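Subject: Handover of a structure and notes on its contents

Dear colleague,

Please find below the structure that I am handing over to you.

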Amino acid sequence: MEEVTIALEKREVLGKQVKKLRAEGLVPAVIHDHGKPSVHVTGVYLEMVKAYQRAGKHHPVSLKAAGKHYTALIKAADFDPKKHELRHVVF
């Protein structure tokens, strides 16, 4: 299995304001790190969907966010029930 890498940007937009991010073609996500504060990030829609399709929930994903490198599994992915578009990812 090839290594799946995603470049993410840190985000300050939280709550219902993420609708604007989705309209711009971005997917909000969060990286949970045991014992440390969560990191709120966003990624390009197409890259996130391709990474989810390749890695699923069982293969590690290499994340580059806010100048740091993380290796994580996709814990949860939320899809829009009508449009079948990726809305949110939890690492």
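In which loop does Ile74 lie? Ile74 is placed in the loop between β5 and β6 (76-79). Here helices (H or I, at least four residues) and strands (E, at least two) are DSSP runs, numbered from the N terminus.

Please note that this is a predicted model, in which local features need pLDDT of at least 70 and side-chain atom pairs count only at pLDDT 80 or more, while totals for chains, interfaces and linings use all residues. Residues are numbered from 1 along each chain as its sequence is written, and side-chain values use heavy atoms, with hydrogens and water left out.

Is Ile74 buried or exposed? Ile74 is buried, because its relative accessible area is 4%; buried means under 20% relative accessible area, exposed over 50%, and partly exposed in between (1.4 Å probe, protein chains only). Not counting residues up to four places away in sequence, Ile74 touches Tyr52, Gly56, Lys57, Val61, Val89, Val90 and Phe91, where contact means heavy atoms within 4.5 Å. Pro37 is 37 residues from Ile74 along the chain, and the C-alpha atoms of the two are separated by 18 Å.

Ile74 also belongs to the lining of the largest cavity, together with Ile6, Met48, Ala51, Tyr52, Leu86, Val89 and Phe91. On a 1 Å grid over the protein atoms alone, a cavity is a set of points where a 1.4 Å probe fits but cannot get out, whereas a pocket is an open set with protein on both sides within 12 Å along at least five of seven lines; lining residues have an atom within 4 Å of a point. A search of the whole structure finds one cavity of 30 Å³ or more, and about 30 Å³ of space lies in the largest cavity. Grid points are joined across faces, edges and corners, and a volume is the space filled by probe spheres set on the points.

The lining of the largest cavity divides into eight nonpolar, no polar and no charged residues. In this count Ala, Val, Leu, Ile, Met, Phe, Trp, Tyr, Cys and Pro are nonpolar, Asp, Glu, Lys and Arg are charged, and the others, Gly among them, are polar.

**The core and its strands**

The largest nonpolar core has 21 residues, and those with the most contacts inside it are Ile6, Leu8, Ile31, Met48, Leu63, Val89 and Phe91. Such a core is a set of buried Ala, Val, Leu, Ile, Met, Phe, Trp, Tyr and Cys residues joined through side-chain atoms within 4.5 Å. With four residues, α2 gives the most to this core. Leaving aside neighbours within four places in sequence, Ile31 is in contact with several residues, including Leu8, Leu63 and Phe91.

Why is β2 largely enclosed by the rest of the structure? Five of the six residues of β2 are buried, so the strand is largely enclosed. Two strands pair if DSSP finds at least two bridges between them. Six bridges join β2 to β3 in an antiparallel arrangement, and Ala29 has Val41 of β3 as its bridge partner. With β7, β2 pairs in the parallel sense over two bridges; here Ala29 stands opposite Val89. β1 and β3 pair in the antiparallel sense over two bridges, and Val41 in β3 is the bridge partner of Lys10.

**The two largest pockets**

The largest pocket holds about 230 Å³ of space. Among the residues that line it are Arg22, Tyr45, Asp78, Lys83 and Arg87. By class, this lining has four nonpolar, one polar and six charged residues, and β2 (26-31) and β7 (86-90) each supply at least two residues of it.

The second largest pocket has a volume of about 190 Å³. Its lining includes Lys10, Asp33, Pro37, His40 and Tyr70. Four nonpolar, two polar and six charged residues make up this lining, with at least two each from β3 (39-44) and β5 (68-72).

**His84**

Finally, His84 lies in the loop between β6 and β7. Most residues other than glycine have a negative phi. His84 is not a glycine, yet it has a positive phi of about 55°. His84 counts as exposed, because its relative accessibility is 62%.
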